[in-house]
Amino acid sequence: MICTVTFNPSLDYIVSVDDFQLGMTNRTSSELILPGGKGINVSIVLKNLGLDSTALGYAAGFTGEELIRRLNEFGVNADFIKIDHGMTRINLKLKSIDGTEINGQGPVIEHAHLEALMKKLDQLMEKIDRLGDGDVLVLAGSIPYTMPDDIYQRILERIQGRGVLTVVDATRDLLVKVLPYHPFLVKPNNHELGDIFGVKLSTREEVVPYGRKLQEMGAQNVLISMAGEGAVLIAAD
């Protein structure tokens, strides 16, 4: 069994605008809407590779309904907790100006919603085909501003001793706080890795000693993505 968790999913509205001008009415030359969020991206890629997974997270409003509909079209099992206020965020990606994005905030996640997710994880671990030894749990992406920054840590603490292989793709404190629980794989990019240690990392050679530091802090395997430079894997062996 593979489960992914995306706390702040989105509908990504990807547009191109020819000759974009600030302060003017601009019209798109192309448009695309896709389900977004790092955990969701993992579930979609797994499906493309022929592997089923269950995508967990939160959905709110009409955008949440559309997110679930589109995930179902991709063949992803979306087991989302419905929130009765706010709306799943829309992230605008302007392809005409590389790297230009406007990301929404997402709905307010209250304590009851957190408890509902924890209960869902407990139920998965109690089922006959339960989440347990050799199964994979992926925690990926940012969290809404209303959530505690130790939420990933709480989840790993909850599943300790189950033999679940955990994968964490997160930034700074979210990532550092899970390291004592020995996640199977962590995946910072070179900028995020540099932020953790207060340095600037640009080359493949530079990231290696800092990736090893994450291993010393508890990670089993460290995968450092570097955009056009590819990636560096520092494996447990």
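Which residue stands opposite Leu 11 in S6? Opposite Leu 11 you will find Ile 90, and the legends below take you from there through the rest of the fold. This is a predicted model, in which local features need pLDDT of at least 70 and side-chain atom pairs count only at pLDDT 80 or more, while totals for chains, interfaces and linings use all residues. Residues are numbered from 1 along each chain as its sequence is written, and side-chain values use heavy atoms, with hydrogens and water left out.

**View 1**
Helices (H or I, at least four residues) and strands (E, at least two) are DSSP runs, numbered from the N terminus. Two strands pair if DSSP finds at least two bridges between them. S2 and S6 run parallel and are joined by 6 bridges. S6 and S7 run antiparallel, with 3 bridges between them; here Leu 92 has Ile 102 in S7 as its bridge partner. A hairpin is formed by S6 and S7, with 5 residues between the two strands. Look in its turn for Gly 99, whose phi is positive at about 85 degrees.

**View 1. The largest pocket.**
A pocket is found on a 1 Å grid over the protein atoms alone, as an open set of points where a 1.4 Å probe fits, with protein on both sides within 12 Å along at least five of seven lines; lining residues have an atom within 4 Å of a point. The largest pocket has a volume of about 530 Å³, taken as the space filled by probe spheres set on the points, which are joined across faces, edges and corners. Of its 27 lining residues, Asp 12, Asn 41, Asn 91, Lys 93 and Glu 101 are the closest to the centre. Strands S2 (10-16), S3 (30-36), S6 (89-94) and S7 (100-102), together with helix H1 (38-48), each give two or more residues to the lining. S6 gives the most, with 4 residues. The lining divides into 8 nonpolar, 12 polar and 7 charged residues, where Ala, Val, Leu, Ile, Met, Phe, Trp, Tyr, Cys and Pro count as nonpolar, Asp, Glu, Lys and Arg as charged, and the others, Gly among them, as polar.

Strand S1 (residues 2-6) runs parallel to strand S4 (residues 54-60), joined by 4 bridges, and Thr 4 stands opposite Ala 55 in S4.

**View 2. The S11 and S12 hairpin.**
S11 and S12 pair in the antiparallel sense over 4 bridges, with Ala 231 in S12 as the bridge partner of Ser 225. Between the two strands of this hairpin are 5 residues, and Ala 227 in the turn has a positive phi of about 50 degrees.
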